[in-house]
Amino acid sequence: MSEERPPNARPARLGKAKGVIVRPMIDWFTSTFGQRGLEELAAAIDPRWATELVLDGPALGIAPGGWYDERLASEIAARIIAIASTRMTEAEALHAIGTVTVDRSLGRISRAVVEWFASPDTAAISAQLSWRLFHSTGWISASVAGSAMHAVGIWGAPGEKWCAVVGACSVRVLELTGLEDVRIDRHTCSGGARSCEMTVRWSSR
């Protein structure tokens, strides 16, 4: 995979996200804030998504193996973070969501492989392959320089908070490679109009 933006890249059409990266954040929210929190979340979601969800069901009816509109995933992320941020910091909520999403989507065996064999460089090289496992459209390119990874992506999904969840997942992947003090140093979200960029840094060994 090229580490540079593909030539003549255009904004991606709105695609779908796999449920295995959407459901974990709902499960985390429910385990943290209980059934009452889930009811608050269901009430906050835009009614236009009512036919896509089971608002009174477990995890709002999101199935790990299903594919869902990226705009719906973005809506859920925005509502979860807005509600969670009234009880904790946004950074704490994002870190928890990134952790549970990566750990669940990788599974026990794949997580062990990352922990034992992956490095920041391999994470960067495999960024696009990993992306397309969970998103039907879009691209992401990453490169490592020193104790930082710079990523550029375009995927057409509106919503800064859903984009921030992607960043939180990147932090978790790098944590699994054994890095310490991994954090988002800079994040620029276009809201789906053009490419988004982020720089992730960690402590030097």
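## The sheet

Let's start with the sheet: 4 strands make an open sheet, running in the order S3-S4-S6-S5 with antiparallel pairing. Two strands count as paired if DSSP finds at least two bridges between them. Helices (H or I, at least four residues) and strands (E, at least two) are DSSP runs, numbered from the N terminus.

From one strand to the next, the twist averages 15°. Further in, strand S4 (residues 148-154) and strand S6 (residues 196-201) run antiparallel and are joined by 6 bridges. Pick Ala-151, for instance, and its bridge partner in S6 is Met-198. Helix H6 (residues 160-176) packs on this sheet and touches S4, S5 and S6, with its direction at about 150° to that of S5.

## About the model

What you are looking at is a predicted model, where local features need pLDDT of at least 70 and side-chain atom pairs count only at pLDDT 80 or more, while totals for chains, interfaces and linings use all residues. Residues are numbered from 1 along each chain as its sequence is written, and side-chain values use heavy atoms, with hydrogens and water left out.

## Two crossing helices

Next, have a look at helix H1 (residues 23-44) and helix H2 (residues 70-84): their axes come within 10 Å and cross at roughly 100°. Axes here are lines fitted to C-alpha atoms, for helices over the stretch in contact, and angles run from 0 to 180 degrees between N-to-C directions. H1 and H2 are therefore roughly perpendicular to each other (65 to 115 degrees; under 35 is roughly parallel, over 145 roughly antiparallel, and the rest oblique).

Who makes the contact (heavy atoms within 4.5 Å)? On the H1 side the residues include Trp-28, Phe-29 and Phe-33, and on the H2 side they include Ile-76, Ile-80 and Ile-83. By class, the contact has 13 nonpolar, no polar and 3 charged residues. Nonpolar covers Ala, Val, Leu, Ile, Met, Phe, Trp, Tyr, Cys and Pro; charged covers Asp, Glu, Lys and Arg; the others, Gly among them, are polar.

## Aromatic pairs

There are 4 aromatic pairs. Rings of Phe, Tyr and Trp (its six-membered ring) pair if their centres lie within 6.5 Å; planes under 30 degrees apart are stacked, over 60 edge-to-face, and the rest tilted. One of the pairs is Trp-28 with Phe-33, edge-to-face at 6.0 Å centre to centre and 85° between the planes. Both Trp-28 and Phe-33 are buried (under 20% relative accessible area; exposed is over 50%, partly exposed in between, with a 1.4 Å probe and protein chains only). Trp-28, Phe-29 and Phe-33 form one aromatic cluster.

Trp-131 and Trp-155 have ring centres 5.0 Å apart and planes at 90°, so this pair is edge-to-face. Trp-131 sits in helix H5 (residues 127-134) and Trp-155 in the loop between S4 and H6, so the pair ties together parts 24 residues apart in sequence. Trp-131 is buried at 7% relative accessibility, and Trp-155 is buried at 5%.

## Positive phi angles

Finally, check the loop between H1 and strand S2 (67-69), where you'll find Ala-59. Its phi is near 55°, a positive value in a residue other than glycine, and Ala-59 is buried, with a relative accessible area of 5%.

Leu-60 is also found in the loop between H1 and S2. Phi of Leu-60 is near 60°, again positive in a residue other than glycine, and Leu-60 is buried, with a relative accessible area of 0%.

Technical notes: Contact means heavy atoms within 4.5 Å.
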